[in-house]
Amino acid sequence: MTAILAGVDTGGTFTDLVLFQEGKLRVHKVFSTPHDPSQAILEGLQELGALPRLRTLVHGSTVATNAVLEGKGARTGLITTAGFRDVLEIGRQTRPSLYNLRVQKVPPLVPRARRVEVIERLNERGEVLIPLDEGSLEEALATLAREEVEAVAVVLLFSFANPAHEQRVAEAARRRGWYVSASAEVLPEFREYERTSTLVLNAYVGPLIDRYLGQLEQALPAGTGLRIMQSNGGSISSAMARREAARTLLSGPAAGVVGARFVARASGIERLIALDIGGTSTDVSLVDGAITETTDGRIGGHPTKLPMIDIHTVGAGGGSLAWFDLGGALRVGPRSAGAVPGPAAYGRGGTEATVTDAHVVLGRLLPEAFLGGSRRLDMALARQAVGRIAERLGTSLEEAALGIVRIANANMEAAIRLISVERGLDPRHFTLVAFGGAGPLHACELAAALSIPRVLIPAAPGVLSALGMLVADVLKDYVRTLMVPIDQEQAQATIEAALAALEEQGRADLLAEGFAPEQIQIERYLDLRYVGQSYELTIPFGGDCARAAQQFHLAHERRFGYSDPNEPVQVVNVRLKARGLVEPPVLERQPLQPEAVVHPLERRQVIFAGEAGPVAHEVAIYAREALVPGARFTGPAIVTQYDTTTVVPPGWRARVDAVGNLLIELASDGPTDAQQLQQQRRQPAQAAQAQLAEEGSHVW
Amino acid sequence: MVDAISLEIFRSALTAIAEEMGAVLMRSSYSPNIKERRDFSCALFDARGRLVAQAAHIPVHLGSMPDSVAEALVAFDHFAPGDIIALNDPFLGGTHLPDITLIAPIFVEVEEEQRLIGFAANRAHHADVGGMAPGSMPLATEIYQEGLIIPPLKLWEAGQPNRALLALLLRNVRTPDERRGDLAAQVAANRTAARRLQELVDRWGLAALEEHVEALIEYAARMARATIAAIPDGTYRFTDYLDDDGVTGECIPIAVTVTVRGSELTVDFTGSAPQVRGNVNTVASVARSATYYVVRCLMPEDAPMNHGTFAPVTVIAPRGSVVNARPPAAVAQGNVETSQRLVDAIFGALAQALPEVVPAASQGTMNNIAAGGIDPRTQQPFAYYETMGGGMGARPGLDGLSGVHTHMSNTLNTPVEAFEYAYPMRVTRYALRDGSGGVGKARGGDGLVREIRFEASAEVTLLTERRRLPPYGLQGGEPGRCGENWLYRRDGEVTLLPGKAHFRAEPGDRLVIASPGGGGWGQAPAPAAAERT
């Protein structure tokens, strides 16, 4: 009996479990138990009989995220340099919306009464301008004690250049028994507002995560390793997550991208766009061999600078409502019918048309196959809701439903363009990996709009986040602001010294997590910009400054359309990733059955857009379970499974590969007229673009 | 064929292009005003120069971008692929000199032929364009003192850079490397638009694009008419005042008459002061921007922004007045300070028509601070320019926000740590200004306090308003507190500076800027009012 590895994703409604044992993956879903999430986890593991042999559990939860979104974090205090306690509230002095007379700002997580100051000041080189005044420190701590705080963030100006003052303050605060988080420990990076916001988030969710994980550790059988998923797509030990809890915010979506990458790789695909469409929103993320990261994240309106997978979210999902604006245009989202009342077809009192209702009307969602048949969709209610839109449009019901889907698609398409085309990457070289309840419904039409040639639907698209947790490496991120010109004589030495210090810390952290030295992989990066710019590009650093500068010019060219090799380049930050390599499960490959004949469950009328309007096709309906490796079929077709439905439009063909992924490709022998037309038109445009790009390379 | 569905698809596609231009510009430029503070605008125009889409970047350019394209169309009767027109002349399509606009004709290939289908334009506030003071926001009395004036000229011609023009331009500014970088970013933004429009035409065809542009313009006009129709008909008058022009010390009336008739709205500035010597004058396009901004605020938040949006709005700005100055008037502050007062005046009038909608006056200034000199750490010249947020006016039943940019601006602050890396100055305090918001049933937002210590000699210019006449309250709410500018000399001398000031700072001197609070809304319950006095 071999040991079991489990990934567990606790969501609002379901807790998803994925087990890996003896080369096989097992999937299970149980209802979440929000009052004590560990109950559902244990119950699920029990039902799978996994508890006795559980070796490692990798867990992602929404505990931290929900605390922030619902304002239910710890009572937190903030200690700043004298004169700067309001930085957290002022932010960047902007209002969130330009033309809204009733615009509101998200209130800071720490109100003014709990923001205190200590007298001290450093300059940008870390030199002491004003020594730390112990009296002011005592006074600050006394105020926080009176305010009965549970957690404290310490953020002093330029502490990344010299952490001495901050360490002293943090030490004094820790002696009071609070959960203390100091900025030089968590994020030694310049820009005080974003750093403060990050540290406050960390302190705000820290005690909750600390308690939650403490309980979970207790509840699991002794000897079970517990690792926690982070927003950067890697996991960390429970002990570390309890100290740096902000790293776990948004871990669920991150795990989904990791899961998408894992299943795509099993099919030999390295370049993909992950598409996760849920009830209220669509998450998209690009993987070009490596996962794309960002340090410009936000949660509930609060910035966090901790590295996270770059996931772009738009308010378009199955529950998005269709409505008419003042000028009479049909709009879809961002308002959503939510879980209650939900789309009209759910029969829970919703009357407004949603994207889901449009799919029901078009015959793409089968009323009786919803959630494995456990719930029925009400066709009549969906038709009523969409009918009201059609009436106002003066069109047929089907035209209105197609319109709603088209508009939702346009919003989703814009999201994909933003992370690909707008960053200089051509979606035609990528595979669209679709998951979430509604991803596979929209994937092919989105792929067509973006000229993406291939769509991949994983075998278990509903539990991809849990799978991602299971396969994630242990990953720690380190950063340090340097601010040196890259061509300066001492630059190389300064960079190497800073990276060496980070590497030492990284190796020590991973050794403490139980990794052997040979399982540790170190990646080094520089954040570079032209002197005078404000945004950096992160460039891998192999040890040669000149080469890094060269790569920066190329990256700048690709991203912004110009570069200037004569301009001086500045090293803003050094970054380091310490990766503890987890031996990933290998998906079992089954022999393809070339003769496999797949029989549709039935045939139904499904509406697709034709040249002159809606066209009803006679469409084969397949059960996903029946699609064995090697199975092939052509669109139009619908594939149903427990928690999702895949639409294969006319002109596409599908096959199941050896690992069970459903690959859907544009049939190369018969592109539609529209596609041919598009192809012909695109060629001259490409030539013009190439020329423009060339011109752009050296502007002056 | 255009329908309610395809209309939405084209609207979002065109807006996305304007927004992507902005992303390119912001992330690859050098001027703090552009990169950190988003003091720029990006827009698309059709071949006739009608606005097709404009991204929500900064309101002060709302009405003035089309004037730039109009002047380019007057200046040149022929465009070729690869042309880029530059201009900053306020009297020929510009606003004030630091705002340099680059306009690119967009050609797309249709049936193997290059067809002019429109223009991409972007305007960005450069940190310095020469003139009598670093930062090019001086206390001037004629435009020639404010910097280099660029009439509409081709900076690129048929794909070739005009090196002579560029050399002349760069020789006349204090920080030429930055300018070159910023212009490169602006060119890149326009090229991005060209690429995306070509893709759009490839995908949908030119006929469909043109058809939808027409439909979008009509759609925006419909939305605007519906908005105006909801305002009670009538004539509403209001006069607000600028503190002074920095030269004579006299306050300057901005008078406005707003007439609403059905779905048409006219804003008439007749009765406003004649143009003045100091540079608080504006050109007519800024008067239009302020008006359009107010109308836009009354529309739904995501209303489309194009030629139709303001079709039912008429702006009357008498020639030779402070809101439609003639050359060689100085105008640097018109854009940043007077534009705010125009908004205050228009809202003041509309508050009579829409008492439950219109907010009390916000801080009514951008608190411009410019400083320049030589950085002793590098021996290189530096030019710093920044604006400061303040209190937002209270809204009916809702407090005003504190410490934010209001109305015509929404630019970010420079992080203290970024500021100290970049300039030989330190920020020693950055805080909310307690109690500066006007008392009322709903309170005005508080202003900000920013204290700067100079570490090197610097020439400093302050252009600030609402230092003498406070932002008004509405419906019984009290006014917000006036702003204050203090100079603490190293030797202990303390001076309350006027709203507009120019001085030389020495190492160890400290400048304290306190921005105004917003006005209150509605009569405060008695105890709160008592507490205040």
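Analyst: A:Pro334 sits in strand S22 of chain A (strands are DSSP runs of E with at least two residues, helices are runs of H or I with at least four, and both are numbered from the N terminus). The bond between A:Gly333 and A:Pro334 is a cis peptide bond with omega of about 0°. The model is predicted, so local features need pLDDT of at least 70 and side-chain atom pairs count only at pLDDT 80 or more, whereas totals for chains, interfaces and linings use all residues. Residues are numbered from 1 along each chain as its sequence is written, and chains are lettered from A and ligands numbered from 1 in the order in which they are written.

A cis bond also leads from A:Gly635 to A:Pro636, again with omega near 0°. A:Pro636 is placed in the loop between strand S31 (632-634) and strand S32 (637-641) of chain A. As background, most peptide bonds are trans, and most residues other than glycine have a negative phi.

A:Leu250 counts as buried because 28 C-beta neighbours lie inside 10 Å (buried means 20 or more other C-beta atoms within 10 Å, exposed means 12 or fewer, partly exposed is in between, and C-beta atoms are placed from the backbone). In chain B, B:Ser136 has a positive phi of about 55° without being a glycine. The loop between strand S5 (113-125) and strand S6 (153-157) of chain B holds B:Ser136, and this residue is buried because 29 other C-beta atoms lie within 10 Å. B:Gly49 has a positive phi of about 90° and lies in the turn of a hairpin formed by S1(B) and S2(B), with 4 residues between the strands. Strand S1 (residues 40-46) and strand S2 (residues 51-54) of chain B run antiparallel and are joined by 3 bridges (strands pair if DSSP finds at least two bridges between them). B:Ala43 is placed opposite B:Gln54 of S2(B).

Helix H12 (residues 397-419) of chain A contains A:Ile416. A:Ile416 counts as buried because it has 26 C-beta neighbours inside 10 Å. Residues up to four places away in sequence aside, A:Ile416 touches A:Ile273, A:Val284, A:Pro427, A:Leu446 and A:Leu450. A:Pro427 is 11 residues from A:Ile416 in sequence and 8.5 Å away, C-alpha to C-alpha.

The largest nonpolar core has 383 residues, and A:Ile404 and B:Ile346 have the most contacts inside it (such a core is a set of buried Ala, Val, Leu, Ile, Met, Phe, Trp, Tyr and Cys residues joined through C-beta atoms within 7 Å). Helix H1 (residues 4-28) of chain B contributes the largest share of this core, 14 residues. Beyond its neighbours within four places in sequence, B:Ile346 is in contact with B:Val256, B:Val258, B:Val267, B:Ala290, B:Thr291 and B:Val294.

Chain B has 10 helices and 20 strands, and 66% of its 533 residues are buried. An open sheet of 4 strands runs in the order S13-S12-S16-S19 (chain B), with antiparallel pairing. Strand S13 (380-386) and strand S19 (500-505) are its edge strands, each pairing on one side only. Strand S16 (residues 458-463) of chain B is joined to S19(B) by 6 bridges, and B:Glu459 has B:Arg504 as its bridge partner in S19(B).

Key:
Contact = placed C-beta atoms within 7 Å.
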